[in-house]
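Subject: Handing over a structure

Dear colleague,

I am passing on to you the structure that follows, together with some notes on what turned up in it. Please look through it before you read the notes below.

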Amino acid sequence: MKSHFKILFWLLALSFLSVGLKNFEIGLNNDGPLYSSISRNIITSGDWFSLDGWVPEFRNYAEHPHLGFWFIAAVFKILPITDSSGRIPGHLFFVFFLLFYYGLIKRLSSEKSAVWAVLILIVWRSFSNCFSSVFLDPGLLALVTAGLFIFDKALVENRKVWHLLSGICLGTALLIKGLAIAQYLPVFLSFCFLRRRHTKFYYL
């Protein structure tokens, strides 16, 4: 057990370094400036429901739900409104994602496989860069992975509470990036097939 926590500690330390060191870079990529502007306007205007990108095409932004912007705006409420502050939610979601990803691979295979799987993602620059800017994808991926981890546990243990918690994770992911969660449906279905001997669905 002590060895397990030691491995997990070093993996988390590496994950913080892999995205944290990029926090000192200047500027944001792709949608980052727009998402930062929307979150900044939430704080400056005090209106948490109007998404305004301050450019003609995005005066009333409606491509994604509010929750992801609220996470960023909450950081701006506490810290100075800078590129570094805007990256903080992505960093936290990266660690959150890796925790559940590690747990999922370890349950399906082995601790050795889980360690290598996490290390590959940490050193994969294109992947970790996604968590080093102001995007909504980190929150989506982290919560869907958490939902999948709990869903698999629900299929094995047949406990209603795990189905409920998995649904909460997916519902929160939906509030961050809308129907983008639909792309993960085949993964959940594959787990149903994998755990078909244990599967028992609960309906509220």
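With which side chain does the side chain of Lys177 make a polar contact? Before the reply, please bear in mind that this is a predicted model. The partner is the side chain of Asp137, and the polar contact spans 2.6 Å.

Lys177 is found in helix α8, which covers residues 160-177, and with a relative accessibility of 16% it counts as buried, because buried means under 20%. Leaving aside residues up to four places away in sequence, Lys177 touches His64, Pro65, Leu136, Asp137 and Leu140. With Asp137 the pairing is also a salt bridge, in which the closest N and O atoms are 2.6 Å apart. This pair links distant parts of the chain, since Asp137 lies in helix α7 and Lys177 in helix α8, 40 residues apart. Whereas Lys177 is buried, Asp137 counts as partly exposed, at 30% relative accessibility.

The salt bridges

Another joins Arg107 to Asp152, with 2.8 Å between the closest N and O atoms. Arg107 belongs to helix α4 (residues 83-108) and Asp152 to helix α7 (residues 137-157), so this pair ties together parts that are 45 residues apart in sequence. Here Asp152 is buried, with a relative accessible area of 0%, while Arg107 is partly exposed, with a relative accessible area of 30%.

Glu157 and Lys153 form a salt bridge as well, their closest N and O atoms being 2.9 Å apart. Both of these residues lie in helix α7, where they are four residues apart, or about one turn of the helix. Glu157 is partly exposed, with a relative accessible area of 35%, and Lys153 also counts as partly exposed, at 23% relative accessibility.

The largest pocket

The space in the largest pocket comes to about 160 Å³. Among the residues that line the largest pocket are Phe97, Tyr101, Leu141, Thr145, Tyr184, Phe188 and Phe191. Helices α4, α7 and α9 (185-194) each supply at least two residues of this lining. By residue type, the lining of the largest pocket divides into 11 nonpolar residues, one polar residue and no charged residues.

The cavities

Of the 14 residues that line the largest cavity, Gly68, Ile72, Pro89, Phe93 and Phe135 lie nearest its centre. The lining of the largest cavity divides into nine nonpolar residues and five polar residues, with no charged residues.

With kind regards

Key
Residues are numbered from 1 along each chain as its sequence is written. This is a predicted model: local features need pLDDT of at least 70, side-chain atom pairs count only at pLDDT 80 or more; totals for chains, interfaces and linings use all residues. Side-chain values use heavy atoms; hydrogens and water are left out. A salt bridge is a side-chain nitrogen of Lys or Arg within 4 Å of a carboxyl oxygen of Asp or Glu. Buried means under 20% relative accessible area, exposed over 50%, partly exposed in between (1.4 Å probe, protein chains only). On a 1 Å grid over the protein atoms alone, a cavity is a set of points where a 1.4 Å probe fits but cannot get out, and a pocket is an open set with protein on both sides within 12 Å along at least five of seven lines; lining residues have an atom within 4 Å of a point. Grid points are joined across faces, edges and corners, and a volume is the space filled by probe spheres set on the points. Ala, Val, Leu, Ile, Met, Phe, Trp, Tyr, Cys and Pro count as nonpolar, Asp, Glu, Lys and Arg as charged, and the others, Gly among them, as polar. A polar contact is a pair of N or O atoms within 3.5 Å; within protein, one must be able to donate a hydrogen and the other to accept it, and residues adjacent in sequence count only if both atoms are side-chain atoms. Contact means heavy atoms within 4.5 Å.
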